Amino acid sequence: MTTSEFLTAADVELMQDLAQRITATHPELVNSDASFGELAWNWGRAHTAQGSSWRRRLWFSGGELVAWGWVKLPCSLRLSDGTVANATGAYLAYQVHPDHAELVDEVIDWYDATAAGLERTVLPGDPDRFALERWAAHGYVPDPGGLGDTGSWTQLNQRDLTDVEPAKLPDGYRFRTADEAGGEAAVQAHLNAWGPRAYSVEAYRDLRETTGYRGDLHVLVEAPDGEMAASTIMWLDEVNRTVEFEPMGTHPDHRRLGLARALLLHGMLLARETGAVHATVACLGAPGHPAARELYYGAGFRELCRDVPLIKDASAG
């Protein structure tokens with residue numbers, strides 16, 4: 001059985017459940033934008049502004065979700081600095097349970113029909129060789145821009161939570177939680193790190209309603225002058241006792257002070273107190289983007305898997 005319509009919060013919860021089931025047995029097969037935390041982050045921060053350009057289809061077996069597709073169609077977004085960003089192509093996030101791998105062809109056919117006439121991109125995981133073969137059979141090719149030395153492909157890193165060293169901040173800096181600091185501080189910390197985004201206090205309020213969000217696991221670093229210098233959200237998957245850092249960033253004026261490392265270590269210690277035994281964090285994997293990878297490796301993380309950017313030209317049918 002399948003259904004196809006606008007994406008809802010209830011759909012995202014079903015998709016998170018599928019992510020948990022796959023994580024339990026095949027964590028390397030969870031697509032980079034289909035993890036428990038990534039789904040909540042992408043939905044919560046953006047559905048009010050972008051939801052009208054989203055389409056989804058769900059596939060069920062025995063009443064249980066076994067595959068889904070989430071297409072993001074062209075739209076215009078007003079950013080936090082008042083400028084407007086235009087997305088002109090289509091992008092697909094998707095997940096197929098490995099026990100129902102044959103459904104990837106239906107996902108691709110649905111994507112091609114939904115985004116006909118547009119340039120189409122997708123990020124299947126490199127370990128999923130069957131899916132990569134099927135995408136190739138449907139005319140999708142590696143995206144040269146995404147796969148180059150400064151490309152946009154990402155890798156997922158993991159570590160267990162034993163032997164986490166204490167976190168140390170520079171003098172005058174302190175950890176805060178979003179619950180303590182409030183929504184405006186939480187939003188400003190993100191914008192300080194990432195620049196203009198379609199993110200606001202209203203979007204943050206939506207984010208707080210997502211499954212898995214906890215304000216006590218949304219951690220900020222406050223500078224001596226009160227500026228928000230760094231932040232991360234940790235998404236706790238209680239079923240698998242794993243925590244996911246997403247997003248994580250530092251204000252450019254406060255980089256190279258050890259804030260990100262301290263934030264990682266502090267976050268892992270907090271997560272361990274909640275019962276987590278495992279942590280993940282994603283980063284750009286291309287050689288031209290070494291900073292985040294080196295940070296995570298220095299904190300004990302190692303690569304679990306990576307994605308493969310694929311593209312299909314608008315004229316390809």
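This report covers helix packing, selected residues and backbone exceptions in a predicted model.

## Helix 1 against helix 2

Two packed helices are described by the angle between their axes and the distance between the axes. For helix 1 and helix 2, the angle is about 160° and the axes lie 8 Å apart. Angles over 145 degrees count as roughly antiparallel, so helix 1 is roughly antiparallel to helix 2. The crossing is right-handed.

Helix 1 contributes Ala 9, Val 12, Met 15, Gln 16, Ala 19 and Gln 20 to the contact. Helix 2 answers with Phe 36, Leu 39, Ala 40 and Trp 43. By class, eight of these residues are nonpolar and two are polar. None is charged.

## Helix 2 against helix 8

Helix 2 spans residues 36-50, and helix 8 spans residues 201-208. They pack at about 140°, with 7 Å between their axes. That angle makes helix 2 oblique to helix 8. Helix 2 passes helix 8 in a right-handed crossing.

On the helix 2 side, the contact residues are Ala 40, Trp 41, Gly 44, Arg 45, His 47 and Thr 48. Helix 8 supplies Ala 203, Asp 206 and Leu 207. The set divides into four nonpolar, three polar and two charged residues. Ala 40 belongs to this contact and also to the contact of helix 2 with helix 1.

## Helix 9 and its partner

Helix 9 runs over residues 259-273 and has 15 residues. From its first C-alpha to its last, helix 9 reaches 21 Å. That is close to the 21 Å expected at 1.5 Å a residue. Its buried residues are Leu 259, Ala 260, Ala 262, Leu 263, Leu 264, Leu 265, Gly 267, Met 268, Leu 270 and Ala 271. Just after helix 9, Gly 275 takes a positive phi of about 110°.

Helix 10 covers residues 290-298 and packs on helix 9 at about 45°, with the axes 10 Å apart. At that angle, helix 9 is oblique to helix 10. Their crossing is right-handed. Ala 260, Arg 261 and Leu 264 of helix 9 meet Leu 295, Tyr 296 and Gly 298 of helix 10. Four of the contact residues are nonpolar, one is polar and one is charged. Ala 260 and Leu 264 take part in this contact, and both are among the buried residues of helix 9.

Asp 11 sits in helix 1, residues 9-25. Its relative accessibility is 6%. Buried means under 20%, so Asp 11 counts as buried. Beyond its neighbours within four places in sequence, Asp 11 is in contact with Phe 6, Arg 56 and Leu 58.

Arg 197 lies in the loop between helix 7 (183-194) and helix 8. With a relative accessible area of 35%, Arg 197 is partly exposed. Setting aside residues up to four places away in sequence, Arg 197 touches Leu 79, Ser 80, His 190 and Leu 191. Arg 197 and Arg 78 are 119 residues apart along the chain, yet their C-alpha atoms are separated by 8.1 Å.

Gly 212 lies in the loop between helix 8 and strand 11 (218-222). Leaving out neighbours within four places in sequence, Gly 212 contacts Phe 36, Trp 235 and Leu 236. From Gly 212 to Asp 307, the C-alpha distance is 24 Å, across 95 residues of sequence.

## Backbone exceptions

Most residues other than glycine have a negative phi, and most peptide bonds are trans. Asp 163 is not a glycine, yet its phi is positive at about 55°. Asp 163 lies in the loop between strand 9 (154-160) and strand 10 (174-177). At a relative accessible area of 74%, Asp 163 is exposed.

Arg 241, also not a glycine, has a positive phi near 55°. Its place is the loop between strand 12 (228-237) and strand 13. Arg 241 is partly exposed, with a relative accessible area of 44%. In strand 13 (residues 242-250) sits Pro 247. The peptide bond from Glu 246 to Pro 247 is cis, with omega near -5°.

Terms used. Residues are numbered from 1 along each chain as its sequence is written. This is a predicted model: local features need pLDDT of at least 70, side-chain atom pairs count only at pLDDT 80 or more; totals for chains, interfaces and linings use all residues. Side-chain values use heavy atoms; hydrogens and water are left out. Axes are lines fitted to C-alpha atoms, for helices over the stretch in contact, and angles run from 0 to 180 degrees between N-to-C directions. Helices (H or I, at least four residues) and strands (E, at least two) are DSSP runs, numbered from the N terminus. Angles under 35 degrees count as roughly parallel, over 145 as roughly antiparallel, 65 to 115 as roughly perpendicular and the rest as oblique. A crossing is left-handed if the near helix is turned anticlockwise from the far one by less than a right angle, and right-handed if clockwise. Contact means heavy atoms within 4.5 Å. Ala, Val, Leu, Ile, Met, Phe, Trp, Tyr, Cys and Pro count as nonpolar, Asp, Glu, Lys and Arg as charged, and the others, Gly among them, as polar. The expected span of a helix is 1.5 Å times one less than its number of residues. Buried means under 20% relative accessible area, exposed over 50%, partly exposed in between (1.4 Å probe, protein chains only).
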